[in-house]
Amino acid sequence: MACIVLIAVSPSVMPLERTDGSELPFSDISGYQISYEDSKGRLRIAPKDTLLLEPAQSSYILEDLPADNYQINIFTVDTNGLISPASATITLQADQFPTS
């Protein structure tokens, strides 16, 4: 049985500036992508298709994750298609849920 993980993004940690230090208005954010890497170094991107998470979306569910340790980062994509550096890395241990 695999895990389901909810990634929640607080509005207080949304990016406010670009890497060059200039302001990044919310209206310039096209969306977000999540990358997650397991302990064997397999890197995955969410959502799986080329769509981005909507700018106002505050959570995303990663489903069917095998039990493992994951390194998770979030990237911001602006309306010009520029991708931000990775967020601070979140380390997560996803364990299998016991069967009932």
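**View 1. Asn 73, a buried residue of strand E5.** In this predicted model, Asn 73 counts as buried because its relative accessibility is 13%, where buried stands for under 20% relative accessible area, exposed for over 50% and partly exposed for what lies in between (1.4 Å probe, protein chains only). Asn 73 belongs to strand E5, which covers residues 68–78; strands (E, at least two residues) and helices (H or I, at least four) are DSSP runs numbered from the N terminus. The side chain of Asn 73 reaches the backbone oxygen of Ser 87 at 2.9 Å, and a polar contact at 3.0 Å joins the side chain of Asn 73 to that of Thr 89. A polar contact is a pair of N or O atoms within 3.5 Å; within protein, one atom must be able to donate a hydrogen and the other to accept it, and residues adjacent in sequence count only if both atoms are side-chain atoms. When neighbours within four places in sequence are left aside, Asn 73 is in contact (heavy atoms within 4.5 Å) with Gln 33, Ile 34, Ser 35, Ala 86, Ser 87, Ala 88 and Thr 89. Residues are numbered from 1 along each chain as its sequence is written, and side-chain values use heavy atoms, with hydrogens and water left out. As the model is predicted, local features need pLDDT of at least 70 and side-chain atom pairs count only at pLDDT 80 or more, whereas totals for chains, interfaces and linings use all residues.

**View 2. Ser 35 in strand E2.** Ser 35 lies in strand E2, residues 29–37, and is buried because its relative accessible area is 7%. Apart from neighbours within four places in sequence, Ser 35 is in contact with Leu 43, Arg 44, Ile 45, Gln 71, Ile 72, Asn 73 and Phe 75.

**View 3. The largest nonpolar core.** The core holds 13 residues, and those with the most contacts inside it are Ile 34, Tyr 36 and Tyr 70. Strands E2, E4 and E5 each supply at least two residues of this core, and E2 gives the largest share, 4 residues. A nonpolar core is here a set of buried Ala, Val, Leu, Ile, Met, Phe, Trp, Tyr and Cys residues joined through side-chain atoms within 4.5 Å. Not counting residues up to four places away in sequence, Tyr 70 touches Tyr 36, Glu 37, Asp 38, Leu 65, Ile 90, Thr 91, Leu 92 and Ala 94.

**View 4. Lining of the second largest pocket.** The residues lining this pocket are Tyr 36, Arg 44, Ala 46, Lys 48, Tyr 60, Ile 61, Leu 62, Glu 63, Asp 64, Leu 65, Pro 66 and Tyr 70. The elements giving two or more residues to the lining are strand E3 (43–46) and strand E4 (59–65), with the largest share, 6 residues, coming from E4. On a 1 Å grid over the protein atoms alone, a pocket is an open set of points with protein on both sides within 12 Å along at least five of seven lines, and lining residues have an atom within 4 Å of a point.

**View 5. Pro 25 in the loop between strands E1 and E2.** Pro 25 is found in the loop that links E1 (3–8) to E2 and is partly exposed, with a relative accessible area of 26%. Pro 25 and Pro 15, 10 residues apart in sequence, are 8.8 Å apart in space from C-alpha to C-alpha.

Notes
On a 1 Å grid over the protein atoms alone, a cavity is a set of points where a 1.4 Å probe fits but cannot get out, and a pocket is an open set with protein on both sides within 12 Å along at least five of seven lines; lining residues have an atom within 4 Å of a point.
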